[in-house]
Amino acid sequence: MICKKCETAVDEHTKICPFCGAPLQHYTNRKFWIAALALATALIAGSIYYMKHTMFLNPSVTGPVSTIAPTEQPVNDLQTIPPNITDTSRTSTTSQPTPSHTSLSGKSEKEIQDVVLNVAESAKKYYESYRETNEFVSKNGYLFENPADMYVTTDLLTGIEGFKIESAQESVLILYVRAGDLPAELRTRTSTGPSEKTDNNTVPADELTVAAAYQFDGGYSLAYDGKMVSVSVADMNLMLKKYDLNHGAISIVHSTDELFTRVSNALEEDIGSPLDIRYMFADDKYVSSVVSPQDNPLLIREYILQRTNAKCEIAVSKIETFWQKFADINKVLPDLNLDLVPEYNLWRELKDVKSDFSGILKSFRDSGIISQEDVEPLFISGNNEFVFVELGNKSRLLAHSDGDPLEWKVYFVTSYDNAITRMKEIAKFNPPPYFLIKQS
């Protein structure tokens, strides 16, 4: 019998496929099975003829034809949330609970001050030690490790030199806020000599920095850079409000939406050309978009725009050049919900994007997917694993290679979210290269 998942022949008495691990469905009615197989063969042949599916190749190779019909299962609600939110690694902004504001108990004021000052110093060392390898961001005003999807809490500081191990279970808040939002007396540095310039005595106001706080005696004790001040609950809440990520639901921006036109106009002014939209999602405050000029599909750019009344203004550009994408965006917009931003990093991915599809287009024509007289596709973009094509008749194809340059499978996809679903099912790496797909 044939395993339906990996299409490999297996023993008819086997219950689990030894190649892919999928459960095997057995039919005891042989006549029914033969009839069903014949019907399935006829349907597949008809579909192939109707859709003109066939194998298209890497420009320098030849190989077997392999075509796949559209996804049979209903597509998840990808038109209301971006692809990265459906990934288990980044579920939502509430995937980790915000650190609690539990007061320390059973300690004197001096003991509590020592604990908070020690946590502030140790958290800063933790940040400095790992910021080159970990993307730290401010999430709701707290220090957050973005790839690990977790807040930095006191129990993570146990390996830091000088950290008092007895503080590991204390509910001290580790903040990551702009220095300008801290009380001024915390930001003033002690002069090291008469020659030091006054400008160097204050931390830049827009720089994100690590601090610590705890709720005590009707307010908060706030520690930073070896100093401590008391702030009211109202002032603390006012500061953290600036980092609130809740700007409404995240949803796709359709080409028929008025917002789509506003965003496209703003980006076309920056690039100077009509655009192909590869990604555009928005909440009530920000828009995240990945685009390329229609006449240069290799020039893939990523933006964050801010919505202001009837306009959209570019807030962050050249994101495709950012090595630590999320940390760099967060430094500019610490209240941006990062679930709005596509999870891939173009700085790493763009080096693998193909530039020459002449051989692929020839194989399309040779195999009958498009006629010899057809003009160039409306859109084509790809790397060594995926190639996405939109033909002149608006039909869309997604080709996939599992590593063998001689074998590609071609999927007929009906929409952007259908292509996303296919890519998620078969991609070798997470996140898949969604940016190859044209959204609009």
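Let's start at Gln439, which sits in the segment after H9; helices (H or I, at least four residues) and strands (E, at least two) are DSSP runs, numbered from the N terminus. This is a predicted model, where local features need pLDDT of at least 70 and side-chain atom pairs count only at pLDDT 80 or more, while totals for chains, interfaces and linings use all residues. Residues are numbered from 1 along each chain as its sequence is written, and side-chain values use heavy atoms, with hydrogens and water left out.

So is Gln439 buried or exposed? Its relative accessibility is 12%, so Gln439 counts as buried; buried means under 20% relative accessible area, exposed over 50%, and partly exposed in between (1.4 Å probe, protein chains only). Setting aside neighbours within four places in sequence, Gln439 is in contact (heavy atoms within 4.5 Å) with residues including Ile252, Val253, Tyr279 and Tyr416. With Val253 there is some detail to look at: a polar atom of the Gln439 side chain lies 3.2 Å from the backbone oxygen of Val253.

Now for the sheet. Five strands make an open sheet, ordered S9-S10-S11-S12-S13, with antiparallel pairing; two strands pair if DSSP finds at least two bridges between them. Strand S9 (251-252) and strand S13 (311-316) are at the edges with a single partner strand each, so one side of each has no neighbour in the sheet. S13 is joined to strand S12 (residues 301-308) by five bridges, and the two run antiparallel. Look for Thr308, which stands opposite Lys311 in S13.

On to the aromatics. Rings of Phe, Tyr and Trp (its six-membered ring) pair if their centres lie within 6.5 Å; planes under 30 degrees apart count as stacked, over 60 as edge-to-face and the rest as tilted. That rule gives 11 aromatic pairs. In one of them, the ring centres of Tyr127 and Tyr176 are 5.4 Å apart and the planes are at 50°, so this pair is tilted. Tyr127 belongs to helix H2 (residues 109-130) and Tyr176 to strand S5 (residues 173-178), so the pair ties together parts 49 residues apart in sequence. Both Tyr127 and Tyr176 are buried.

Tyr344 and Tyr434 also form a tilted aromatic pair, at 6.5 Å centre to centre with 55° between the planes. Tyr344 is in the loop between helix H6 (325-332) and helix H7 (346-349), and Tyr434 is in the segment after helix H9 (416-426), so parts 90 residues apart in sequence are tied together by the pair. Tyr344 is buried at 1% relative accessible area, and Tyr434 is buried at 3%.

Technical notes:
Polar contact = N/O pair within 3.5 Å; in protein donor to acceptor, adjacent residues only side chain to side chain.
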